[in-house]
Amino acid sequence: MNRVMQGSPVARADRYDPRMGDPQSITVAVGRFDDLIARGLRGLIDDDERLELIAEDVTPVQLPMMLRSRRPDVAILDTARLRSPAEVRSIAARHPATHLLLLAERPTGVESAQLLAFGASACLAKATQSRDVLNAIHLASRGLQLTPRESDGLGRGAGLLTAREVDVLGGLQRRRSNAQIAAELHVSVETVRTHARHIYRKLGVSSRRELLAPSTLGGDGRHRR
C-alpha cells in the first residue's frame, strides 16, 4: 500500500485518534481490485491490529450475498466495478450496518459529493496515501463521512457542491418534494429551489427528472448529456 497509494492527503472533517479506544475489532471486506491495489489494501488492513479482514476479492455478483451473510463494518469497493453511481444508494439502503469506502481513479468534487449523497462514507482516489486510507476506514466505521478539499484538486470553483447543496441533493435523490426537503433542513421552499438549480447546473442536468434518470450517470461515473 505504501507504494501503491502515494497521492496528496485527503481532506477530512476528523482524524482517527487511537486514544479514543476501540471496544472491538472493525471488520472489513474488500471488493475486487487490480492486483497491486488489492495487495496494498490487504497489507494495510493486516498491519492494523484493530482491523479484521473478513472477505476480499469480492466480485460485484458476490457482493450482495457477502454483505448479507458477513455484515462487515466497512466495505471497500472499486467505483469502476459499479454498474453506476446510483448502485451505491441501493447498497447503502439495503445494508445500513455496512459503511462504504469507495476508491476511484481521479474522482472530481462533484462525483464525490454525489456518491456521498448516495450514502458512501468516502470516495478517495486510488493514489491516496496509506495513512489516509486507514484513517478513512476508521472514520467510516464510526459512521462519519469524509469530504474532499478544493485544494486537493478534487473540485474546482463552481463545480464543487456546497455542504448545503449536498444536503439538498440527498433529498432530491430520495425523491422528497421541495416542501419536504425544506422542512427537513429548516429552510424555505424557495431556498431549496435555488439550491436545486445550482445542483442541476453543476451536475450538468436540466431538471430533477434528468437528475433521477438512470442514464444521467454512466458506468464510468461521468455525467452523460
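Thr27 sits in strand β1, residues 26-31. Helices (H or I, at least four residues) and strands (E, at least two) are DSSP runs numbered from the N terminus. Leaving out residues up to four places away in sequence, Thr27 touches Glu52, Ile54, Arg71, Pro72, Asp73 and Val74, a contact being heavy atoms within 4.5 Å.

Now the ground rules. This is a predicted model, in which local features need pLDDT of at least 70 and side-chain atom pairs count only at pLDDT 80 or more, while totals for chains, interfaces and linings use all residues. Residues are numbered from 1 along each chain as its sequence is written, and side-chain values use heavy atoms, with hydrogens and water left out.

On to the whole chain. The protein chain has nine helices and five strands. From the N terminus on, the order is β-α-β-α-β-α-β-α-β-α-α-α-α-α. Of its 225 residues, 49% count as buried. Among contacts between residues at least 6 apart in sequence, 70% join residues at least 24 apart.

Next, the strands. β3 and β4 run parallel and are joined by five bridges; two strands pair if DSSP finds at least two bridges between them. Val74 has His99 in β4 as its bridge partner. From β3 the chain crosses through α3 to β4, and this β-α-β crossover is right-handed. Right-handed here means that, with the strands pointing away from the viewer, the path from the first strand over the helix to the second runs clockwise. β4 also pairs with β5, again in the parallel sense, over four bridges. Leu102 has Cys123 in β5 as its bridge partner. A right-handed β-α-β unit is made by β4, α4 and β5. As for cover, five of the six residues of β4 are buried.

How many residues of α4 are buried? Ten of ten, over residues 109-118. The buried residues include Gly109, Glu111, Gln114 and Phe118. Their cover includes α3 (86-94), β4 (99-104), β5 (122-125), α6 (163-173), α8 (189-203) and α9 (208-212). Just after α4, Gly119 takes a positive phi of about 125°.

α6 is one of the elements covering α4. Its own buried residues are Glu165, Val168, Leu169, Gly170, Gly171, Leu172 and Gln173. What covers the buried residues of α6 includes α3, α4, α7 (178-185), α8 and α9. After α6 comes Arg175, with a positive phi near 60°.

Last, confidence. pLDDT is the predictor's confidence in each residue, from 0 to 100. The protein chain averages 80, and 77% of the residues score at least 70. Among the elements, α9 has the lowest mean pLDDT, 80, and β3 (residues 74-78) the highest, 98. Over residues 150-159 the pLDDT is below 50, and this stretch has 21 contacts in the model beyond near neighbours in sequence. Residues 215-225 also stay under 50, and for them the model has 29 contacts beyond four places in sequence. Where pLDDT is low, the predicted coordinates should not be read in detail.

Technical notes:
Buried means under 20% relative accessible area, exposed over 50%, partly exposed in between (1.4 Å probe, protein chains only).
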